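Subject: Structure for your review

Dear colleague,

Please find the structure below, followed by an account of what was found in it. I would be grateful if you read the two side by side.

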Amino acid sequence: MHEQPDQLEPETLLREISDLEGRIGELRQAAGMPEPDLRATLDAALVELELALTALRTMGTEQGGERNGSAAAENERRVLRTVFQDAPVPLFLLDRNTSVRRVNRQAASLLGTSSGYVSGKQFTAFCDLATRAAVRSQLAAVVRTGRRRRVQVRFLGRDHPIDAVVTLARVWIRGEPDPMVVVAAGPTNTPTDGNPDGAQNEVARQPKAVKAAPPAQGDDEAVATIVHRMDVLATASELLLDEPVFNETVAVRRCARLLATELADWAFIDLTGPVGTGPGGSQQGGTKVVGTAPPLRRQVVMGPADERSVEAVGALEDLEPALDTLPQTVFVTRQSALRPHVENLDLLGVCPDGTPVCAKIGATSVLCVPVEDGDRCIGAITLAASGDYGPFDLMDLGVVQRLGRYLALVIRAARLYRRRAEVAETLQAGLLPKTLPAIPGVSVSARYMTATRGAEVGGDFYDVFRTQNGSWGLVLGDVCGKGEDAAAVTSTARHCARLAARWKDRPGEILAMVNQALLDEDRFVTAVMAGLQIDTERVTVSLGTAGHPPAIVIRADGVIRSASRGGVPLGLFEDFEAGLDTIDLGIGDTLILHSDGVLEACDLQRVEFGQERLLEALAAHATDPLDEMLGAVERALLDFCDGDLRDDVSMLALRVDAPTLD
């Protein structure tokens with residue numbers, strides 16, 4: 001091992017200049033990072049100026065030196081390896097590109113990892129981002145000038161950062177075409193964090209994986225770490241399933257917040273749209289169809305609460321994952337990725353201003369897992385950490401993989417629920433009239449609210465139509481059960497009543513025909529029908545009831561009464577007979593038909609809204625316009641049950657109008 005003259009060949013000089021340009025760019029990025037080490041960056045910039053001056057002076061010279069392999073060189077390597085491994089201080093052997101060729105046992109112990117893991121990686125990947133560019137410049141200076149240098153470095157240890165002072169020395173090894181650098185690490189000479197003897201500064205903070213546990217050592221610390229990660233999974237399960245109705249947006253944000261709080265500094269979640277709806281995208285049998293997979297979209301970014309990070313979140317939320325980034329690669333391959341020490345700062349993409357995402361957020365350790373439910377991959381979860389708590393490990397990866405599976409299952413259920421709800425809404429819309437007809441002499445209004453629980457189509461229906469004698473009929477009913485089967489019976493009952501009214505005009509006869517049509521169905525229907533005989537300033541109402549809550553009459557003077565009950569539900573017996581009643585309505589009188597969902601709505605103590613509360617709500621708004629009256633009942637109902645309707649609610653109202661003067 002010996003020193004080599006400083007002359008450079010033209011090709012080598014051009015390479016030096018190209019490397020110089022790259023390092024200057026890194027120094028600019030380092031100066032703009034959160035909490036930059038400006039002193040180290042300035043020193044490195046001066047070093048780069050010295051390098052440029054030296055390169056100009058040596059242009060056109062030739063490089064000499066002995067570079068041949070021989071038995072003597074091999075013997076020298078053998079001796080050097082022995083000395084290298086047994087050295088009492090941490091040693092790193094780097095090539096001219098600052099890649100680690102070899103480390104001794106002390107260096108591996110310093111980083112808390114194995115020698116094999118360190119070899120082949122960039123030396124600066126094990127340094128914090130604030131001084132990484134400066135260290136790279138100092139290494140280049142040592143290679144170029146041969147002068148030894150001492151640099152203060154913060155190594156990213158297994159559990160916490162470690163401050164150290166490293167000595168950089170250039171060496172030539174026989175048989176190697178380029179010079180190498182030996183890095184010897186020692187304790188920092190600057191007392192920090194109350195460490196007066198200048199020993200290695202081990203950050204006092206506990207790792208995130210055990211921050212909730214008491215201080216522990218050895219096996220106790222490992223147990224505390226495992227217990228904490230189990231707690232994270234248990235908490236995730238509760239957060240993701242704590243919705244009475246699956247909500248994809250809530251689940252994704254809860255998941256990201258938990259991860260950014262417990263396991264990382266930053267959490268990114270990127271997802272495709274609902275499966276099968278991406279632009280030109282499809283996945284079949286869990287296998288990606290090349291060129292047609294739906295694109296990833298950034299859904300949420302969670303980071304620290306400081307002002308600079310909050311500003312960064314806004315920019316990162318608008319930054320879609322590029323094709324060559326880690327989230328896209330994990331999504332396409334469905335293979336998790338662990339990068340304990342980040343070498344390529346472009347790993348997570350580049351911001352519009354040219355700053356790598358990892359540099360912007362200070363990420364030195366990254367992991368990424370697919371969000372897949374066992375059948376399809378719908379996205380990726382990415383965690384990034386600054387190294388203050390040590391790099392991510394395989395246990396972290398396993399926890400996030402399981403959480404990714406949980407999230408995928410919740411999202412699949414949420415999207416299925418949403419599609420079913422959309423189908424139910426479309427189907428329900430077909431079971432109700434789009435508009436109510438205008439009837440001379442009376443006003444008509446209706447309200448319908450779907451149950452807040454479940455995504456199945458309800459069984460309530462109402463309709464207003466002409467009858468056989470040219471008058472009008474109103475019908476409101478409720479089918480037993482929910483879902484597509486109930487909807488089919490609902491449609492049958494509604495349209496059968498409308499059709500029967502073409503041949504019959506009495507409610508009892510019309511309901512009897514509907515009963516015959518429903519005998520072959522496996523569901524029964526309750527209903528109430530009102531036949532109208534409209535005269536000047538008076539309406540005679542013939543009521544037919546089939547096991548349904550009775551109609552309510554509100555007189556213009558505020559008096560309220562209920563019509564008679566009676567009849568059996570439709571579709572049960574052949575010898576059907578409806579309950580009948582006749583009511584005379586004058587100007588200002590109102591008739592209300594409603595489903596049992598109004599009466600059976602419950603509060604948190606399972607107390608029903610009931611007939612009495614309904615009558616009170618109607619009486620309080622008896623003089624209001626018809627639509628406002630029904631709106632008031634709707635609000636009272638929702639307030640009573642705190643918005644949690646367990647059954648559909650339908651109301652149909654008619655009021656006799658005062659005659660208009662021509």
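Helices (H or I, at least four residues) and strands (E, at least two) are DSSP runs, numbered from the N terminus, and two strands are said to pair if DSSP finds at least two bridges between them. This is a predicted model, in which local features need pLDDT of at least 70 and side-chain atom pairs count only at pLDDT 80 or more, while totals for chains, interfaces and linings use all residues. Residues are numbered from 1 along each chain as its sequence is written, and side-chain values use heavy atoms, with hydrogens and water left out.

The hairpin and its sheet

Strands E17 and E18 form a hairpin with two residues between them, and in the turn Glu537 has a positive phi of about 60°. E17 (residues 525-535) and E18 run antiparallel and are joined by nine bridges; Gln533 has Thr540 in E18 as its bridge partner. E18 (residues 538-546) is mostly covered, with seven of its nine residues buried (buried means under 20% relative accessible area, exposed over 50%, and partly exposed in between, with a 1.4 Å probe and protein chains only). E18 also pairs with E21 (residues 579-586), again in the antiparallel sense, over eight bridges, and there Ser542 stands opposite Thr582.

These strands belong to an open sheet of five, in the order E15-E16-E17-E18-E21, with antiparallel pairing. E15 (460-466) and E21 stand at the edges with a single partner strand each, so one side of each is left without a neighbour in the sheet. On average, neighbouring strands of this sheet are turned by 15° against each other, direction ignored; axes are lines fitted to C-alpha atoms, for helices over the stretch in contact, and angles run from 0 to 180 degrees between N-to-C directions.

Strand E16 (residues 472-479) is joined to E17 by eight bridges, and the two run antiparallel. Within this pair, Leu474 stands opposite Ala530 in E17. Helix H13 (residues 484-500) lies across E15, E16 and E17, running at about 15° to E15. Helix H14 packs on the sheet as well, touching E17, E18 and E21, and its direction makes about 150° with that of E17. Contact here means heavy atoms within 4.5 Å.

A surface patch

Phe524 is placed in the loop between H14 (507-518) and E17. Together with Val568, Leu572 and Phe573, Phe524 makes a nonpolar surface patch of about 320 Å². Patches are made of residues with over 30% relative accessible area and no salt bridge, with like charges joined within 9 Å and nonpolar side chains (Val, Leu, Ile, Met, Phe, Trp, Tyr) within 5 Å. A salt bridge is a side-chain nitrogen of Lys or Arg within 4 Å of a carboxyl oxygen of Asp or Glu, and accessible areas come from the Shrake-Rupley method with a 1.4 Å probe, where for residues only the protein chains shown count as cover. Phe524 is partly exposed, at a relative accessible area of 31%.

Other positions

Most residues other than glycine have a negative phi. Thr98, in the loop between strands E1 (91-94) and E2 (100-103), has a positive phi near 65° and is buried, with a relative accessible area of 7%. Arg334, in the loop between helix H10 (326-333) and strand E11 (337-339), has a positive phi of about 60°.

Gln85 lies in helix H3 (residues 71-86). Beyond its neighbours within four places in sequence, Gln85 is in contact with Arg102, Val103, Asn104 and Arg105.

With kind regards
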